[in-house]
Amino acid sequence: MRRLVRDAGHLIRPALILLAGVAVFLVVRSAIVPKAFGQYGHYRPGALGLVRQRPIAYAGQDTCVLCHDDEAKARAAGKHAHVACEACHGALAQHADDPAAHVPQLPDVANLCRRCHEKDAAKPPAFPQVATAEHSGGVACNQCHQPHNPHL
Amino acid sequence: MIAGVDGFMYPNEVELQWSVLIVLYPYITGLVAGAFILASLERVFKVEAVRPTYRLALLTALAFLLVAPLPLQLHLGHPERSFEMYLTPHTSSAMAMFGFVYLWYLTVVLLVEIWLEYRAEIVGLAQTSSGIRRLIYRALTLGSYNVSPEARRIDDKVGYAVTVIGIPSAFLLHGYVGFIFGSVKANPWWSTPLMPIVFLFSAMVSGIAAVMVLYVVSSKLRKVAIDMRCLDTIARYLFYTFVIDFTLEMLDLVHRTYESDESFRSLDFMVHTRLWFSQVILQIMLGTLVPLTILAANQLWRFSAGARKAMYMTAGGLTLIGIFAMRWNVVIGGQLFSKSFLGYTSYKVELVTREGLLPAIALMILPFVIFLVLIKLLPPWQEEKAG
Amino acid sequence: MDISRRDLFKVGGKLLVLASVGATLEQITGAEPASDAYKMADHWWGMVIDIDTCIGCGNCVRACSTENSVPHGYFRTWVERYQIEEGRQPRVDSPDGAMEGFPISTREGLKSFFVPKLCNQCAASPCVQVCPVGATFVSPDGVVLVDDSYCLGCRYCVQACPYGCRYLHPQKQTVDKCTLCYHRITRGLTTACCENCPTGARLLVDFKNPKDPVHEILRNNKVEVLKPYMATQAKVYYKNLDGAVR
C-alpha cells in the first residue's frame with residue numbers, strides 16, 4: 001500500500017491543482033454573480049430597471065392636450081383625429097416638461113404633408129392622396145387646409 | 001441601392017456579423033481534435049505504426065488549442081466580459097459550454113496526457129539543465145521526482161485512461177461547434193442534424209493532414225529519415241476519414257437538391273455565384289477530389305518512396321486549404337443570403353481592423369511559433385536517440 | 001473651527017467606503033426600482049399591424065430612431081414595400097429602412113403594399129435560447145430585452161433571429177433591438193412607433209388586459225404572424241398579410 005502511494009503519489013499533485021482551481025472559481029463566482037440573478041429567469045433582474053430608466057423623447061398626445069385644448073378640439077372634429085400631435089410636430093417631451101425652455105418649431109409644411117399625401121401607386125387607393133404639384137400649383141398646403149382639421 | 005447587395009436583404013442583414021475570425025475558430029479546434037485522434041490511434045487502438053508521430057500530434061494539438069480562444073476574444077464586442085460564460089452559463093445555449101469543454105480538454109486531457117508522457121524527460125532535464133530552463137523543468141515536475149519503473153507503469157495506465165476519455169472529449173470540443181451552427185433553425189444553410197458530424201469528420205481530416213505535413217517538414221528540417229511505414233499508415237487513415245467526410249457532404253448536397261424546398265433556389269444561386277470559387281473550385285475540386293484521387297491511387301498502386309512523399313505532401317496541403325474553405329463556406333456562406341430568400345450581400349474583408357485579414361493571418365502563424373517553443377522545451381523525438 | 005487634515009481623511013475615507021459599498025451592493029443585488037404602480041405579472045405585450053392601413057410614410061421609423069437613439073444605418077423597426085407582378089418574384093425594397101419614406105412609385109397595375117416590421121417579441125424566442133450568458137431574455141410581461149451591461153457582443157442571437165431584427169450597436173458593441181419601448185409602456189404610454197403612426201396601422205396590445213381591443217381583433221379578423229413554421233410564438237400579429245411576404 002505504501003509503495004502504491006509512493007509510486008502514484010505524483011498524480012495527487014495535478015489533481016490538487018485542479019481541485020484548488022475549482023475551489024477558487026466557486027468562491028469568485030459566489031462573490032461576483034448578483035444574488036438576484038435567476039429571480040425571473042436566466043438574467044439579471046436589474047436589467048429590467050436599466051431598460052425602464054431610458055429617457056423619453058415623445059410626450060404622447062394625452063400630455064399635449066392637457067395644455068393645448070383648442071387644437072385638440074379642432075383635431076377631434078376632423079379627419080386628423082387619430083393623428084398624434086408629435087407625428088407632425090416632432091418629439092416634444094422636453095417641451096412638455098419645461099414649455100418655456102424648449103420652444104418647438106413649426107413643421108416644414110411643404111415636405112410634411114407630401115410625405116403622407118403625395119399620390120403614389122403603391123399606397124392603398126382609398127387613402128386620400130393627390131399629385132401635389134398639379135393639385136396646388138406650388139401653393140403651400142396650409143394656405144387652403146387647416147392642418148388640425150384639414151377637410152375642405 | 002446599397003453597395004454589394006443584390007435584391008432585397010432585411011436592413012440589419014446587410015452587414016455580416018461573423019467574420020473570418022469565426023471561420024478560423026472551428027478550423028483551429030478542428031486541427032486540435034484531428035491531431036488528438038491521430039495520437040489516440042496509437043495509444044488506444046494500438047496502431048503501432050504511427051508511434052513516431054505520437055508526441056508530435058500531442059504538441060500540435062496543444063499549440064493550436066492555446067490559440068483557439070484568441071479569435072473569439074478578438075471578435076467579441078466585450079471580451080472583458082467573456083468570463084460571464086463561466087459565471088452564468090445559459091444551459092440552453094450550445095455556445096455556453098465552450099468555456100467548460102475548453103478548460104476540461106486543455107487541463108484534464110491534453111496537459112495531463114502530455115505531462116504523463118514526458119515526465120521521465122522532465123525529471124531528467126530538471127536535474128541536468130541550467131538557468132531558466134532548469135527552473136521551468138523544475139516547475140513542470142510539480143515537485144515529484146519519482147520515475148521508478150512502477151511509477152512509469154502507473155503513468156502509462158493513467159495516460160491510457162486519459163486518452164480514452166480524451167476521444168469523446170475531442171469529439172465534444174469540436175462537435176459542439178457544429179451544433180452551434182446546426183441548431184439555428186433561422187438559417188437553412190446551417191440548420192441540419194448532419195452539421196456536427198460533418199464538422200467532426202472534416203476536423204479529423206484536417207488534423208491528420210496537419211500532423212502528416214508537420215512530420216514530413218520537421219523530418220526534412222532535422223535531416224532525419226522519414227519512417228515510411230508510419231507515413232503510409234497516416235495517409236491510409238487520412239484516406240478512410242476523407243471518404244466518410246466526402247460522403248457526408250455529398251449526402252447533404254444531394255438531399256437539399258432533391259427536396260428542393262424554398263431555401264434551395266436561393267442557396268443554389270448563392271453557390272453558383274458568390275461561393276463558386278470557394279466552394280466548387282477550392283473546397284470540392286482542389287480540396288477534396290484531388291487529394292482523394294491522390295490518396296486512392298496510393299491504395300491501388302505502389303509508388304516509390306520519393307513519389308509517395310511528394311504526393312502525400314500535395315494531398316495534405318490541398319486538404320488543409322480545402323477544409324479551411326469548407327469552414328469559410330459554412331460561416332460566411334450562411335450570411336451572404338437574405339433570410340427573406342430575396343437577395344444577397346457581400347463580405348468585405350478588411351485588412352487591419354480587429355476582425356480583419358491581418359489579425360487572422362497572425363493568429364494562424366501563432367500556433368507554429370508556439371509549436372517551435374514546445375518542441376524546444378519538450379522534444380518529441382527523444383525516443384529516437386534512446387533507440 | 002479648525003479641521004485638521006487627519007479629520008478630513010477620516011471623514012473622507014468613511015464616505016468613500018460607504019459609497020463604494022453602496023455601489024457594490026446595488027451592482028450585486030441588481031434589484032428593480034422599488035415603489036412601482038406597474039406590475040409585470042398583469043401584462044403580456046404584443047402588437048397588431050394592419051397591412052391595408054399602412055401608407056409607408058416612415059413616421060414610425062423616424063420616431064423610433066429619435067425615441068431610442070438608434071444609430072444610423074441600423075433599424076429597430078423598418079418598413080418594406082412589396083410590389084408584385086403576377087407570375088414573377090415580388091420586388092421588395094426598404095430604402096434606408098424607409099427612414100425617409102419611399103420614393104414615389106408610378107407603376108400602376110401591381111399589387112402593392114407596405115409591411116412594417118419589428119421585433120416580434122417571441123414568447124418561445126430562438127434568440128433568447130442561444131444567448132450563452134443570459135444577456136437577452138423574455139421579461140415577465142412578454143418583452144424581449146437585452147441587458148446592455150451583460151452582453152458580450154458575440155452576435156449569436158443576431159444569427160438565431162429569423163426576422164433580422166437584431167444588430168450590433170456600433171458604439172456600445174452590444175446587441176440592440178426593439179424593446180417595444182419598454183421604458184414607455186411601463187409608464188402607461190404607447191410605443192413611439194404606434195404613437196406616431198398617422199393612420200393607426202400599428203397598435204400596441206396587452207393580451208392580459210380584458211378590455212384591450214386585441215381580443216376582438218383576433219376574433220373577427222384573419223391574422224397571421226411572420227414565419228409561423230418557425231414556431232417562435234411571435235406576438236406581433238398582422239391583419240391582411242399577403243402570402244408573398246417574407
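This is a predicted model: local features need pLDDT of at least 70, side-chain atom pairs count only at pLDDT 80 or more; totals for chains, interfaces and linings use all residues.
Strands (E, at least two residues) and helices (H or I, at least four) are DSSP runs numbered from the N terminus, and two strands pair if DSSP finds at least two bridges between them. C:Asp93 in β3(C) is the bridge partner of C:Arg81. Residues are numbered from 1 along each chain as its sequence is written, with chains lettered from A and ligands numbered from 1 in the order in which they are written.

The open sheet has three strands in the order β3-β2-β4 (chain C), with antiparallel pairing. β3 (91–93) and β4 (111–118) of chain C each have a single partner strand, so one side of each is left without a neighbour in the sheet.

## Domains of chain C

The domain assignment (automatic or from a database) gives domain 1 (40–123 + 178–239) and domain 2 (126–176) of chain C. Their C-alpha centres lie 20 Å apart. Contact (C-beta atoms, placed from the backbone, within 7 Å) involves 24 residues of domain 1 of chain C and 16 residues of domain 2 of chain C. On the side of domain 1 of chain C that touches domain 2 of chain C, β1 (45–50) and β4 of chain C each supply at least two residues.

Technical notes
Two residues are in contact if their C-beta atoms, placed from the backbone, lie within 7 Å.
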